[in-house]
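This report describes selected features of one protein model. Please consult the sequence and structure shown here while reading.

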Amino acid sequence: MFRLKQWIPKKLKYRLFFAFLLLIVAPFTFLQIYNYNKMENTIINRLHKQNQTQVNLLKSNLEDIRFAMLQRYLELEKDEELTVLLTLADSNPERDEKIMGRIAASSSKLVPQNEFVSYTLQDMKGKSFKFPLSNLQQERDLDMPSVFANLEEKDMLSTWKINSIGFRGGALSLYAILQTRSGDPYARIRLTFDVETWLQRSTKNLLIQGEAFIMDSSGVVVVQTNQGMQLPPTINNNTIRSDSSVHTSKDMKIINSSPIPSLQWTMISMVSMESYIGDISAIKRSIFATFGLFVLLFIGMTFVISSAMTRPLQVLQMKMSEMVRKNFNTLLPEHKYVGESLELVKTFNNLVKDIRSLIQRLRVEERQKEAVRFQMLVSQMNPHFLLNTLNMIKFQAMDKDQKEISEVCVALGKLLEQSLCSEKELIFLKDELELLHAYIYIQSIRYEDMFAIQLEVETQLDYVLVPQLTLQPLVENAILHGMMYRSSGGLIQISIFCRENKLVVEVADNGMNPDSSLNRNDRKRKGIGLANLKERLELLFRQEGKLELVPLLPGMLVRIEFPLLISNPYRGEAL
């Protein structure tokens with residue numbers, strides 16, 4: 001992640017620019033490449049299917065012709081009239097004409113393939129009959145004696161063999177020996193199928209023009225439509241001898257093949273994709289060149305847009321630096337901007353004006369605080385004088401063995417000394433309780449045990465932080481506004497406990513005299529002490545500090561709540 005963050009641009013302009021590239025340009029580029037590849041694959045698959053259909057059609061047609069040739073051979077062998085004519089001892093024109101007529105009748109049943117098949121019939125005396133006559137000059141019979149001699153030697157009646165026609169290759173011939181019903185040979189026949197001519201004409205009638213090949217079991221091409229065309233050298237012969245569909249990406253050729261098991265041949269068709277959809281490489285270059293220009297244009301526009309979007313921010317950044325240098329005495333000209341930029345400039349100018357106003361107010365408040373601080377320093381002179389005087393009285397009382405007077409002076413000294421430590425906001429509860437005990441001691445002597453104090457503190461709260469001089473104003477309020485209504489029997493109950501992660505302090509009194517006929521429940525307690533305490537709670541704890549008065553019968557309950565803050569004990573001073 002750290003290395004990745006190093007590649008993230010720091011400026012917003014470049015972040016926006018690269019965000020446009022990653023979120024728009026990059027996905028659109030991948031989508032364009034994906035769509036092109038999908039289109040190319042769809043075209044290739046369709047060409048494969050169409051080409052495979054054409055291969056199967058050529059293969060089926062070849063098998064039909066081969067089967068028809070075999071039928072013609074069997075038909076001629078069963079032709080009794082032809083058998084009689086061929087077994088006649090003497091040859092004459094009438095006999096020869098009848099034999100040619102029988103051959104022509106058999107050839108007519110090969111329609112429409114009869115133009116590619118020629119007949120050569122030879123009686124046992126060596127007299128040959130050839131049909132059609134137009135092929136007499138093209139056909140060579142040099143291999144017939146050797147083939148028939150091989151058939152007779154192996155006691156075979158027929159065989160298929162590739163031979164040649166004239167100076168062209170690619171003729172499939174059926175060599176057979178005709179026998180009578182008794183098994184005596186009476187003639188030899190050869191049916192020759194001009195495969196090359198048939199293949200050339202058949203491929204011209206196909207929907208997708210291409211080149212066709214016929215390969216034998218050894219991988220040698222025996223017939224092809226174009227002698228100057230070859231299969232790509234990257235094509236594996238073992239692959240195309242089975243039903244397969246391959247294409248070459250370099251020369252954009254689609255090759256489909258289908259085996260012919262009866263001949264141990266393989267029919268192959270090769271189609272150029274460029275002949276079907278044009279120069280696909282040129283199309284690809286044109287598409288990607290156009291797309292590249294579009295991407296470059298989009299990148300340029302993106303950079304301009306990102307720069308235009310971030311230019312107001314850059315101006316604001318410079319103006320803010322200038323504003324700090326000039327002590328907030330600079331504003332942006334609003335007439336140069338429109339739209340959102342204008343709203344941003346107006347907001348910036350208003351912000352500068354508000355900052356100026358706040359700075360002015362802070363300066364005034366600072367001067368006021370300095371004046372108050374000076375007055376506080378002056379006012380502390382009298383408390384210090386009183387504290388020194390109180391210590392002198394304490395020492396004189398101790399010299400004269402006035403223990404009660406000296407203890408009152410000690411308690412009062414603690415309260416007076418704590419009031420001088422104004423810099424402390426929070427102190428430990430145990431320290432606050434010590435001040436409370438000092439105050440209660442003084443008041444008990446003053447009012448001669450007119451009331452009693454009950455203090456209940458939940459355990460483990462010694463080091464809870466409380467605002468200093470919190471309990472003393474509450475007890476003072478109970479004494480001044482509650483105990484004054486009683487001549488004796490007064491009770492002030494102080495409870496300190498935790499509730500829902502808050503510290504609760506309750507001070508209750510029975511300030512109404514039971515013997516008095518006056519209704520004292522309506523007494524008001526709006527002293528300065530409670531008001532100051534409430535304000536301090538709001539300043540320290542905001543909405544979480546509360547002070548409430550609950551009327552009792554008799555008396556009044558004062559309850560304060562603020563967050564429970566527990567500190568670890570330490571040897572130093574409180575907060």
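## Basis of the model

The model is predicted; local features need pLDDT of at least 70, side-chain atom pairs count only at pLDDT 80 or more, and totals for chains, interfaces and linings use all residues. Residues are numbered from 1 along each chain as its sequence is written, and side-chain values use heavy atoms, with hydrogens and water left out.

## The open sheet

Five strands form an open sheet in the order β7-β6-β10-β9-β8, with antiparallel pairing. Strands are DSSP runs of E with at least two residues, helices are runs of H or I with at least four, and both are numbered from the N terminus. Two strands pair if DSSP finds at least two bridges between them. The edges are β7 (221–224) and β8 (244–248); each has a single partner strand, so one side of each lacks a neighbour in the sheet. From one strand to the next, the twist averages 20°.

Strand β6 (residues 211–215) and β7 run antiparallel and are joined by three bridges. Ile214 has Val223 in β7 as its bridge partner. Helix α6 (residues 195–204) packs on the sheet and touches β6, β7 and β10 (265–272), its direction making about 45° with that of β7. Such angles run from 0 to 180 degrees between N-to-C directions, with axes fitted to C-alpha atoms, for helices over the stretch in contact.

## Aromatic pairs

The structure holds three aromatic pairs. Rings of Phe, Tyr and Trp (its six-membered ring) pair if their centres lie within 6.5 Å; planes under 30 degrees apart count as stacked, over 60 as edge-to-face and the rest as tilted. Phe193 and Trp198 form a tilted pair, because their ring centres are 5.6 Å apart and their planes stand at 55°. Phe193 is buried at 0% relative accessibility, and Trp198 is buried at 1%. Here, buried means under 20% relative accessible area, exposed over 50% and partly exposed in between (1.4 Å probe, protein chains only).

Phe428 and Tyr463 pair edge-to-face, at 5.0 Å centre to centre and 80° between the planes. This pair links distant parts of the chain, 35 residues apart: Phe428 lies in strand β11 (residues 426–428), and Tyr463 in the loop between β12 (451–457) and β13 (465–467). Phe428 is buried at 3% relative accessibility, whereas Tyr463 is partly exposed at 27%.

## A buried asparagine

Asn51 belongs to helix α2 (residues 12–78) and is buried, at 0% relative accessibility. Not counting residues up to four places away in sequence, Asn51 touches Ile254, Ile255, Asn256, Ser269, Met270 and Val271; contact means heavy atoms within 4.5 Å.
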